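Let's take a friendly walk through this model, from a surface patch to its ring pairs and ion pairs.

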Amino acid sequence: MSHGQILKSSAIIGGSSLVNAGLGIIRTKVMAILLGPAGFGLLGVYGSISDLTRTVAGLGINSSGVRQIAEAVGSGDAQRIARTITTLRRVAFYSGALGALLLLAFSKPVSWLTFKDAQHTGSVALLALAVFFGDVSAGQSALVQGMRRISDLARMSIWGALYGTIFSVVIVYFFGERGVAPSLVCVAAMGILTSWWYARKIKVESVALTVRQIMDEASELVKLGVVFMASGFMTMGSAYLVRIILLHKIDLEAVGFYQAAWVLGGFYIGYIVQAMGADFYPRLAGAANDNAESNRLVNEQIETGLLLAAPGAMATLTFAPLVMQLFYSDKFGPSVEVFRWICLGMMIRVASWPVGFVLVARGKRGLFFWAELLSNLISVIFAWVGVQMFGLNGAGIAFFGLYVLNAVGVYWIVRRLTGFRWSAANRRLGFLFAPLTAAVFVGHYVFSDLMSAIFGGAITLLVGIYSVKVLCTLIPLERLSKPARKIILFLRLATPNNNHKVADSSNP
């Protein structure tokens, strides 16, 4: 079983994510205080423009690059590895430059489309730098991840977040809303510097490529990459449209409230998904043609993800008002309800996300494209209807509804493709965690604030203890760090004698 490998990789990336979360708390708190809800909404809109452009320009090679490099490494052919890496670097550079030029050229129409005026044209044009830096950085990150240098990936993430936080906060402090676009450029610049520093450590054989070879290698990257790009474009596009719906139907403050909830909702669950995906995707790509092995890896990933995510998600639902105040300020009170709905959607995402990766790992471009198209179309429709009916909270409800449908649809597709079924262990976790999460969510509306906190806190504590105990059966104590072993043994969450008994979670 690979639970140990999953937990090891998750611990490394999760550790860096913990540091990033701390930096994120500082960054978002300071930005919220300096900018207020409207300024924070502007930050979200600018971020959506930059992400959307970068996704289109990047041609999805950051994702397809991971797959191609992982396959090349698995072949053991040094020349093939060198060809893939060299091509990846070149395509990342030129696609990033093209994207930057396009945003620069269309900065005025983008400003009109987004804000219904041309006052933001200069800031939108400045985001072209963020697009270029982001695409080149993504290519270098794909190289590090594809080579499965998980520790370097973690360090790269920490240093990029640290430098980006320091410089972006300083810029906004001195320039206010006028510093929002420069701060995004600064964050992207720090990303490219740190990714270059770690990517340069990877020794690649010198290889002379003919134009034909470059085209062949680039074709392989772009064929799958275009599907990733289309998926990313639709995802970023739907996120952009949701913000535009809020901006036009309500106001810029509503965008700020939604942005605050969105960022916070992705902090814990998002970092767990990122931590698991860093190692999971390359491993799944290597076993993509073996149905039994692929399904086993997916089930193990779901099990580990649910055990890691459930306690944090329930704690977040329970203490949402306090968390919102801690991260932002009293001005962001309207974000709380949206935040709760987004947390529910993120919890479902943990269970469905590994299943969807089967399509990516197998290179099922058509299936992947149409699934993503339908999902994002539903996202925008749900958001439009939700905001019409429920105002700001409707955007959060729409996100939850989207992931309910997404989970069902992806499961059905992969079931037909590989015969995938949830393992017995995952079904047990689902039947346990789903009603408990619903109870914590509903408790907020049934009980007083104090009773709701006590009720949710008690469930969170019990779920946390249960999750740690189960995780301790999936990985031998001797593989944990000494301090972690001492804490677990002191709390009697595991014993040296029964820790080696590992439940078979791969059998349905």
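## A charged surface patch

Arginine 421 sits in the loop between α14 (392-418) and α15 (424-446); helices here are DSSP runs (H or I, at least four residues), numbered from the N terminus. This is a predicted model, in which local features need pLDDT of at least 70 and side-chain atom pairs count only at pLDDT 80 or more, while totals for chains, interfaces and linings use all residues. Residues are numbered from 1 along each chain as its sequence is written, and side-chain values use heavy atoms, with hydrogens and water left out.

Arginine 421 counts as partly exposed because its relative accessibility is 40% (buried is under 20%, exposed over 50%, partly exposed in between, with a 1.4 Å probe and protein chains only).

## Aromatic pairs

Across the whole structure, a search finds 16 aromatic pairs (ring centres within 6.5 Å; planes under 30 degrees apart are stacked, over 60 edge-to-face, the rest tilted; Trp is represented by its six-membered ring). Tryptophan 262 and phenylalanine 399 form an edge-to-face pair, 5.3 Å centre to centre with 90° between the planes. This pair links distant parts of the chain, with tryptophan 262 in helix α9 (residues 252-286) and phenylalanine 399 in helix α14, 137 residues apart.

Are these two partners buried or partly exposed? Tryptophan 262 is partly exposed at 29% relative accessibility, whereas phenylalanine 399 is buried at 7%. Elsewhere, Phe93, Tyr94, Phe132 and Phe133 make up one aromatic cluster.

## Salt bridges

How many salt bridges does the structure hold? There are three, each defined by a side-chain nitrogen of Lys or Arg within 4 Å of a carboxyl oxygen of Asp or Glu. Glu293, Arg296 and Glu300 are linked in a network. Arginine 296 meets glutamate 293 at 2.6 Å, N to O, and glutamate 300 at 2.7 Å, N to O.

In helix α10 (residues 291-318), arginine 296 and glutamate 293 are about one helical turn apart because three residues separate them. Glutamate 300 lies four residues from arginine 296, also about one helical turn. Glutamate 293 is partly exposed at 26%, while glutamate 300 is buried at 0%.

Arginine 340 also bridges to glutamate 337, with the closest N and O atoms 3.2 Å apart. Both lie in helix α12 (residues 335-361), three residues apart, and both are buried.

Notes: Helix = DSSP H or I, 4+ residues; strand = E, 2+ residues; numbered from the N terminus.
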